[in-house]
Amino acid sequence: SSAASDVYKRQAVDGAAGGIEVSADEVVLKDAMISSSVLGGEKDAGQVRFNVSHLAIAGSTVSSETKGAGDAGSVFLNVATLEAQGSQISSSSTASSSGQPGSITILEAGAGPADRVALTGSQILTQIQGAEGGRRPTNAEDVGQIQIVADTLRLDGSQISGTTAGIGDASVMRLWANEFALQGSEISSSTSAVGDTPGDAGQIFIRGAHGVPSIASKLALVDSEIRTGTTGGGFGGEIQIDAVDVSLSEGSEISASTANTGSAGDITAKVGTLSSEGRLITSGSTGAAFDAGAAGSITLNAPDSISIDRGGLTTVANGGAGGSIDVSASNAVSLAAAEVLATVQGGEQPGGDVTLTAREIQLTDGTAIEAESEGTGTAGAVAIGDAGTESLRLQNSTVSTNAAKADGGNINVQALSLIHI
């Protein structure tokens with residue numbers, strides 16, 4: 001147990017910083033700092049490790065940092081429960097460093113899932129802040145990764161983030177839990193790196209508590225965001241979600257974006273059911289140059305059903321190539337007042353295709369399915385239904401392709417028995 005304002009530091013100027021290890025049944029940190037850092041030189045910062053059953057931190061910092069050529073240390077929280085309020089857990093390579101950040105790992109001792117990880121007004125971060133960050137080669141496979149393994153992961157006004165402005169890649173995130181609940185929160189990996197060898201954004205994997213091939217039971221986003229992005233030359237990261245029940249509400253969004261030459265990441269979700277109320281799943285490219293990065297693709301697959309009400313799936317490219325959208329469910333796809341749009345707003349690149357397949361497909365209340373090109377590239381094709389589609393209902397909805405300066409794509413609508421228009 002730590003009293004308020006306690007500081008435990010291992011700090012070195014030119015040599016290696018020592019590690020910090022805390023073992024106990026219960027640890028409470030309030031307004032405390034637990035840190036291992038190197039201020040220069042080529043040596044590494046130390047690891048920070050907690051081996052406790054219950055860890056509660058409030059207004060506190062747990063970190064490892066490098067300001068030299070060495071790497072930051074990793075942070076390991078081997079816990080049954082973690083409760084963080086107004087706190088930060090981080091591993092960073094600062095603006096003056098050419099080193100790598102360490103990994104951040106939260107799980108129960110023995111590599112099993114923690115019972116509960118709850119963040120309120122808190123941050124879990126890995127950062128490469130300098131243009132030379134990540135220059136030093138490493139053989140470690142887990143450098144800069146964020147891994148959380150828990151039965152329940154709850155975020156309230158909190159952030160899990162990996163960023164890079166340097167040569168090294170941003171964090172790959174492996175978030176494995178049976179239940180995810182995000183309220184006013186963000187999970188993100190991004191790069192702003194430029195130059196000859198810019199770092200890429202990391203991938204985000206959301207799965208069940210036992211990793212591949214387990215599936216999370218629930219992913220609920222309320223006023224929250226899961227995103228990858230690049231504003232530099234690096235590639236945007238892929239987002240993969242495996243969950244039984246996925247819901248987006250109150251401004252929530254799943255997005256992958258690029259604003260430069262790097263391509264946006266793909267978004268892939270394997271779900272039992274997906275409901276999106278007025279919110280977006282989008283992959284976009286806003287760069288207008290001839291070498292602008294491409295938009296990523298969106299793939300949604302459900303063994304049961306996909307329902308989108310007043311929401312949308314969009315791939316948008318300004319100068320780069322468009323991304324495809326593929327939505328498939330064994331039972332039903334139902335879109336009400338929704339938009340599924342694959343568009344290229346300029347340039348010479350082609351637009352992406354749009355495909356919807358299910359046993360039953362309903363497009364109602366002004367739903368728009370569209371592939372379009374406003375540049376000189378061709379618009380993508382649209383396919384609604386396939387040989388396994390029994391019924392298709394279109395009510396006050398549109399299916400279209402459009403090209404202002406090139407050829408429009410084909411439209412193929414198919415159902416076994418019934419097409420209601």
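Which side chain makes a polar contact with the side chain of Glu-372? In this predicted model, the partner is the side chain of Thr-343, at 3.0 Å.

Let me stay with Glu-372 for a moment. Glu-372 belongs to strand S31, which covers residues 368-373. Glu-372 is buried, and yet no salt bridge is found for it. The nearest side chain of opposite charge is that of Lys-405, and that one is 13 Å away. As for what Glu-372 touches, leaving out residues up to four places away in sequence, the list is Leu-341, Ala-342, Thr-343, Val-344, Ala-379 and Asn-402. So much for that residue.

Next, a pair of strand pairings. Strand S11, residues 123-128, pairs with strand S13, residues 159-164, in the parallel sense, over six bridges. Within that pairing, Thr-126 stands opposite Gly-162 of S13. S13 also pairs with strand S15, residues 186-191, again parallel and over six bridges. There, Gly-162 stands opposite Ser-189 in S15.

Last, Ala-209. You will find Ala-209 in the loop between strand S16 (204-207) and strand S17 (216-222). Is Ala-209 buried or exposed? Ala-209 counts as buried because its relative accessibility is 4%, and the cut-off for buried is under 20%. Setting aside residues up to four places away in sequence, Ala-209 touches Pro-113, Val-149, Ala-150, Trp-176, Ala-177, Asn-178 and Ser-214. Pro-350 is 141 residues from Ala-209 along the chain, and their C-alpha atoms are separated by 40 Å.

How values were computed: Residues numbered from 1 in each chain as written. Predicted model: local features only at pLDDT ≥ 70, side-chain atom pairs only at ≥ 80, totals over all residues. Heavy atoms only, no water. Helix = DSSP H or I, 4+ residues; strand = E, 2+ residues; numbered from the N terminus. Buried < 20%, exposed > 50% of the residue type's maximum accessible area, 1.4 Å probe, protein only. Lys, Arg positive; Asp, Glu negative; His and termini not counted. Salt bridge = Lys/Arg side-chain N within 4 Å of Asp/Glu carboxyl O. Polar contact = N/O pair within 3.5 Å; in protein donor to acceptor, adjacent residues only side chain to side chain. Contact = heavy atoms within 4.5 Å. Pairing = 2+ DSSP bridges.
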